[in-house]
Amino acid sequence: MNIDYIFYLLTALTIICATMVVVSKHPIRSVLFLVATFFCISAHYILLNAQFLALVNIVVYAGAIMVLFLFVIMFLNLNKEVERNKSILYWLGAIVSAGCIFLMLVSSVGKVALTNGNIEKENYTLGLVENIGMSLYTDYLFPMEICSVLFLVAMIGVVLLSRKENKFTTNTVSNV
Amino acid sequence: MYKPDIIQYISLNHYLILGAALFAIGLIGVMVRKNIIIVFMCIELMLNAVNLILAATSTFYSDSGGQVMVFFTMAVAAAEVSVGLAIIVMMYKNIHSLNIDLFNRLKG
């Protein structure tokens, strides 16, 4: 089996799963199809020899973010009347406008005349963990530190957002 | 040195077109769906489309900057999802609905 067949098979699977994310009615089904899409994208990363990204994609996206989504969906009981006023006109307008953006992107890809790889410095091991870590801790050290500050800010924000509302007001009232 | 076979058989344009298709599908979801959690998931799908394009370009041009950029995008997406879902839960406690049309009370 040649490798381009694997690519086309994975691409078809990715597109089908992504379409099912948008189309499916129930949010839990949508989450599961999104997990399948992330696994397909990880397979694409492995085909591209970006093994670190494939692992991180599975661990962070399919492992952490999707579990968070599932937790929130099961935490809030779903009411069915959310999608009540969905007519065919919405779908038609959205498909036409998104198709226009897709055609614009594809035509810009055709114009750019990309070469197939950089011939002078061929380095196909840069997706491995060792090389990514080396470039992450030397060239991109400052953005890495900013990332940790971002996580701290996000954590403080989530804790602040999910506090009890009445306790917050009584605290502020008593402080004032 | 191991050279990935994908470079010989598949051109970069295939990956760019796949990324554009995924982005368009996510955009359809953002525009059509009313459930705010599904809208949020479609935003994640669009982020992943851009990530795939960045990783493919990085491999085809032998430059590690694209893959580091994908790593930072994943970090920002994780932070964004945690804060966004906290906001959704708090809004659900206030208005008891997930309809995105009712979320315009968030202004101010």
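Colleague: What should be known about the model and its numbering before reading it?

Modeller: This is a predicted model, in which local features need pLDDT of at least 70 and side-chain atom pairs count only at pLDDT 80 or more, while totals for chains, interfaces and linings use all residues. Residues are numbered from 1 along each chain as its sequence is written, and chains are lettered from A and ligands numbered from 1 in the order in which they are written.

Colleague: How many helices and strands are there in chain B, and how many in chain A?

Modeller: Helices (H or I, at least four residues) and strands (E, at least two) are DSSP runs, numbered from the N terminus. Chain B has four helices and zero strands, in the pattern α-α-α-α along the sequence. Chain A has seven helices and zero strands, and its elements run α-α-α-α-α-α-α from the N terminus on.

Colleague: What can be said of the overall dimensions of chain B?

Modeller: One guide is the radius of gyration, taken over C-alpha atoms; the globule rule is 2.2 Å times the number of residues to the power 0.38. A compact globule of 108 residues would have a value near 13 Å, but chain B has 18 Å. The C-alpha trace of chain B spans about 60 × 25 × 20 Å along its principal axes.

Colleague: How many residues of chain B are in contact with chain A?

Modeller: Two residues are in contact if their C-beta atoms, placed from the backbone, lie within 7 Å. By this rule, 65 residues of chain B are in contact with 74 residues of chain A. On the side of chain B that touches chain A, α1 (6-9), α2 (12-32), α3 (36-61) and α4 (65-95) of chain B each supply at least two residues. The most comes from α4(B), with 20 residues.

Colleague: Which residues touch the most other members of the largest nonpolar core?

Modeller: In soluble globular proteins, nonpolar side chains tend to be buried together. A nonpolar core is a set of buried Ala, Val, Leu, Ile, Met, Phe, Trp, Tyr and Cys residues joined through C-beta atoms within 7 Å. In the largest core, of 65 residues, those touching the most other members are A:Val21, B:Ala24, B:Ile37, B:Met41, B:Leu45 and B:Ala55. Two or more residues come from each of α1 (3-23), α2, α3 and α4 (88-112) of chain A, together with α2, α3 and α4 of chain B. Leaving aside neighbours within four places in sequence, B:Met41 is in contact with A:Val21, A:Ser30, A:Val31, A:Leu34 and A:Phe69.

Colleague: How does one compare the length of a helix with expectation, and where is α3(A) kinked?

Modeller: The expected span of a helix is 1.5 Å times one less than its number of residues. The 25 residues of α3(A) (residues 51-75) should span 36 Å, and its end C-alpha atoms are 34 Å apart, which agrees. The bend at a residue is the angle between axes fitted to the seven residues ending there and the seven starting there; α3(A) has a kink of about 30°, centred on A:Met66. The buried residues of α3(A), among them A:Phe52 and A:Phe69, pack against α2 (27-47) and α5 (129-138) of chain A together with α3 and α4 of chain B.

Colleague: Where does A:Asn49 lie, and what is its phi?

Modeller: Most residues other than glycine have a negative phi. A:Asn49 has a positive phi near 65° and lies in the loop between α2 and α3 of chain A. With 21 C-beta neighbours inside 10 Å, A:Asn49 counts as buried.

Notes. A residue is buried if 20 or more other C-beta atoms lie within 10 Å of its own, exposed if 12 or fewer, and partly exposed in between; C-beta atoms are placed from the backbone.
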